[in-house]
Amino acid sequence: MISPKKYARSAKMIPNGFKTANEFFNYLYNDKDMIWMGQNTNHLHDENAIMDAMLQSVKKRDYCKYPPSDGFPELKELVLEDLGLKDGFEMMITAGGTESIYLCANDILEPENNTITCDPGYLIIDNFASRFGDHVNSVPIYNSECGYKLTPELVRENMDENTKLVVLIDPLNPLGSSYTKEEMKDFADLAEDNDIYLLNDVTYRDFARDPQLAAKYAPEHTLTIYSFSKIYGMAGMRIGGVAAMPELISSLKSIVINDLGTNSVSQSGAIAAIKTKSQWIDRIRNTTRGNQKIIKKAVDQVEGAFIPVYPSDANMMAIDLYDAGLKPMDVAEYLLGKKIFTREGNYTSKLFGHRYLRVSYSVPTKDVEYFADSFLEAVDALKPKKV
Ligand SMILES: Cc1ncc(COP(=O)(O)O)c(C=O)c1O
């Protein structure tokens with residue numbers, strides 16, 4: 001008999017009334033009125049060149065053919081240019097950044113190796129790393145002393161001779177904390193001196209005020225994960241990739257999963273997305289930054305509640321509800337009743353999930369205003385009654 005594997009898992013809670021997480025998501029996905037503030041996706045694109053390029057690709061019936069296995073050369077070049085990593089770097093296109101993360105964990109880790117991640121963080125990475133290495137050391141970072149991020153000092157304290165991979169999500173899901181140039185240089189030294197690889201996941205990079213890249217300072221020791229799911233608004237198209245030095249990319253190719261390539265319609269959209277980025281990025285950034293302020297104003301009205309990292313450098317933030325006497329799961333369920341999808345902290349933290357609700361705000365401002373009102377209503381309805 002075969003039974004589920006015991007890898008590190010995210011503590012997913014299934015709301016009442018649903019048998020499986022899939023059933024719950026299917027319900028959410030098909031509700032056209034649901035406001036999508038639970039997955040850090042971007043709902044601010046209009047009908048634009050990205051959509052046109054995908055429609056054209058379908059009309060040309062590109063989808064009858066398999067695309068080149070590691071991505072259209074034009075797209076690979078565009079991504080490297082977008083990252084400013086043109087010289088000497090290579091790129092592989094995959095079905096989302098997720099597939100690239102999996103390949104990197106598979107490629108870098110030997111059975112005796114361990115990986116350093118942080119809690120809160122993006123837990124599927126811990127899961128992947130635990131499949132290939134010995135264990136994952138998820139360092140608690142939910143405190144202001146470390147700036148709510150995994151610092152070079154914390155990595156030095158927690159590493160040992162078997163540490164081979166350090167995961168730097170920048171900006172960090174769920175908190176929106178980000179790194180300075182000095183911190184990145186420090187990580188680069190640490191990686192080079194100890195022959196450790198940095199998995200630099202830059203999925204939320206374009207929302208940040210001053211984005212950094214580990215690859216600039218430790219090119220031979222960095223794998224940069226790229227995604228089209230957030231700023232480009234293409235989560236459902238499942239497209240992303242990994243950039244690294246040629247030796248690393250060749251090694252990744254030897255363990256490839258999708259040897260018949262990544263969705264050609266998605267790649268057409270992705271090419272158009274990068275080419276037109278300068279036309280829409282300011283509007284999207286300004287809207288998300290304005291939306292943050294609306295949420296902050298509401299949170300400030302709740303005694304005991306606070307936003308650990310403000311402003312956030314991503315399109316999401318955590319709202320800490322613990323001292324307000326509120327359970328994130330209850331607030332998420334209340335908001336779901338108002339057709340607002342948010343995420344309780346358990347999805348991104350094993351240690352601190354009971355403290356916060358994660359909210360993403362790359363949605364129209366009127367929806368964020370509705371969220372702010374509904375959040376305050378939820379607080380009134382759910383807060384412990386004084387006796
Ligand atoms: C840090 C991080 N990396 C990767 C992903 C997934 O990216 P993709 O949709 O490109 O697979 C997410 C999605 O939320 C994320 O938060």
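**Ground rules.** I am working with a predicted model, in which local features need pLDDT of at least 70, side-chain atom pairs count only at pLDDT 80 or more, and totals for chains, interfaces and linings use all residues. I number residues from 1 along each chain as its sequence is written.

**Ligand shell.** I asked which residues come nearest to the ligand. Of the 13 residues around the ligand, the nearest are Gly-96, Gly-97, Thr-98, Ser-227 and Ser-229. I took a residue as near if its C-beta atom, placed from the backbone, lies within 6 Å of the molecule. Helix α4, residues 96-108, gives the most to this shell, with 3 residues. Helices here are DSSP runs (H or I, at least four residues) and strands are too (E, at least two), numbered from the N terminus. I then sorted the shell by class and got 3 nonpolar, 9 polar and 1 charged residues. For this I counted Ala, Val, Leu, Ile, Met, Phe, Trp, Tyr, Cys and Pro as nonpolar, Asp, Glu, Lys and Arg as charged, and the others, Gly among them, as polar.

**Helix pair.** Next I looked at helix α2 (residues 49-59) and helix α9 (residues 264-275), which pack at an angle of about 150° with their axes 8 Å apart. The axes are lines fitted to C-alpha atoms over the stretch in contact, and angles run from 0 to 180 degrees between N-to-C directions. Among the residues making the contact, I noted Ile-50 and Met-54 of α2 and Val-265 and Ile-271 of α9. Contact means C-beta atoms, placed from the backbone, within 7 Å.

Most residues other than glycine have a negative phi, and most peptide bonds are trans. So where are the exceptions? I found a cis bond joining Asp-170 and Pro-171, with omega about -5°. The bond from Asn-173 to Pro-174 is cis as well, with omega near 20°. Pro-171 sits in the loop between β5 (163-169) and α7 (181-194), and Pro-174 is in the loop between β5 and α7 too.

Asn-40, not a glycine, has a positive phi of about 60°, and I place Asn-40 in the loop between β1 (35-36) and α2. Is Asn-40 buried or exposed? Asn-40 is buried, because 25 other C-beta atoms lie within 10 Å (buried is 20 or more within 10 Å, exposed 12 or fewer, partly exposed in between, with C-beta atoms placed from the backbone).

Technical notes
Contact = placed C-beta atoms within 7 Å.
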